[in-house]
Amino acid sequence: MSYTGPDFDPPPPSNSRRRPLTVAVAALVPGALLGWAVYAAVGGSGDDGGNGEAAARSSASAPASSAEPSPSGASASGSEGPDDGTPSASATASSSAPASAPAGSGALKGKVVVIDPGHNPGNFRHTAEINRQVDIGTNRKECDTTGTATNDGYAEAKFTLDLAHRMRALLEEQGAKVKLTQDADRPFGPCVDERARIGNEAKADAVVSLHADGAGAGQRGFHVILPGAVRAGEADTRAIVEPSRELGERIAGNFVRVTGNAPSNYVGDGTGLVTRKDLGGLNLSTVPKVFVECGNMRDSKDAALLTSGAWRQKAARGISEGIVSFLRG
Ligand code: ZN
């Protein structure tokens, strides 16, 4: 969750306008050109892409399901989606061939990827512990937060773990060594400083922190949060700003391409990229790292995607293929 939690102060609201976004995405995300073409081909005007505002004020005619065959079906059949939990073998196998790396090629052999599933399903039972203040270099902040949930009660912490499992399977197929910062194998946390430390100590080649947002209804779409240049206390991000931006751009481009969803309509001016200096998980990282906010759990259309196992598999592929693209250079 982003906007009520202590590690997620709201970024300044920004105007979202569709037209400049198109250009911005294409310009800022070189790897996304193909993705953008796919996105444009499947609707382009905010149908499945999470631009509620644009759809409302311009053409709301495109069906929300043009790029996602069954979001409504998945949500109607329950909040878990068809294959919640560990990814099925068939889903993994059928999605294991990123354009840039054939399945089983071992393209990521020797690479270390740390996946940070945001929050922890047990955090809400440990409010005193997760409210403890930790030093994030620039200031002190709560250790962790509970995260958000859909209006039907599908928890962000459950979403992030599911997505992490799917990504781990995909990245391990490529030969990467994958480490999770938590796997619901501890009662709460870790704290944001420890989450950063896990990536640092693993000497990770890339770290991705997974989240879903808790913004207002009508605010839709994913965004990737990049570290800003920070030097204070234990925080010094200067060496990771550039590689993290590259990582974030690759992820945003591949997320668009694989999911067919547009970037956020409420932050990032349509680029799907936001730079922040207030997140301990980024400030304390010494290795390339980004956060991915996969959608807005509080918007019903985004929630239909986030609760669909089939969509989560696409999201996992999009993010993973962005990582593969980044690591292969
Ligand atoms: Zn979160």
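**Close-up views of a predicted protein chain**

**View 1. The whole chain in outline.** The protein chain has 12 helices and 10 strands, where helices (H or I, at least four residues) and strands (E, at least two) are DSSP runs, numbered from the N terminus. This is a predicted model, in which local features need pLDDT of at least 70 and side-chain atom pairs count only at pLDDT 80 or more, whereas totals for chains, interfaces and linings use all residues. Residues are numbered from 1 along each chain as its sequence is written, and side-chain values use heavy atoms, with hydrogens and water left out. Of the 329 residues of the protein chain, 58% count as buried (under 20% relative accessible area, with exposed meaning over 50% and partly exposed in between; 1.4 Å probe, protein chains only).

View 2. Six strands form an open sheet in the order E4-E1-E5-E10-E6-E9, with mixed pairing; two strands pair if DSSP finds at least two bridges between them. Strand E4 (177-180) and E9 stand at the edges with a single partner strand each, so one side of each is left without a neighbour in the sheet. On average, neighbouring strands of this sheet are turned by 25° against each other, direction ignored. Strand E1 (residues 112-117) and E4 run parallel and are joined by four bridges, and Ile 115 stands opposite Leu 180 in E4.

**View 3. Two helices on the sheet.** Helix H7 (residues 156-173) packs on the sheet, where H7 touches E1, E4, strand E5 (206-213) and strand E10 (289-296), and its direction makes about 145° with that of E5. H12 lies across E1, E5 and E10 and runs at about 150° to E5. Axes are lines fitted to C-alpha atoms, for helices over the stretch in contact, and angles run from 0 to 180 degrees between N-to-C directions.

**View 4. The largest nonpolar core around Ile 319.** Among the 40 residues of the largest nonpolar core, Leu 171, Ile 319 and Ile 323 touch the most other members; such a core is a set of buried Ala, Val, Leu, Ile, Met, Phe, Trp, Tyr and Cys residues joined through side-chain atoms within 4.5 Å. Helix H12 (residues 309-328) gives the most to this core, with eight residues. Leaving aside neighbours within four places in sequence, Ile 319 is in contact (heavy atoms within 4.5 Å) with residues including Leu 163, Met 167, Ile 251 and Phe 255.

**View 5. The loop at Ala 262.** Ala 262 lies in the loop between helix H9 (241-259) and strand E9 (273-276), and counts as buried because its relative accessibility is 0%. The C-alpha atoms of Ala 262 and His 223 are separated by 9.4 Å, although these residues are 39 residues apart along the chain.
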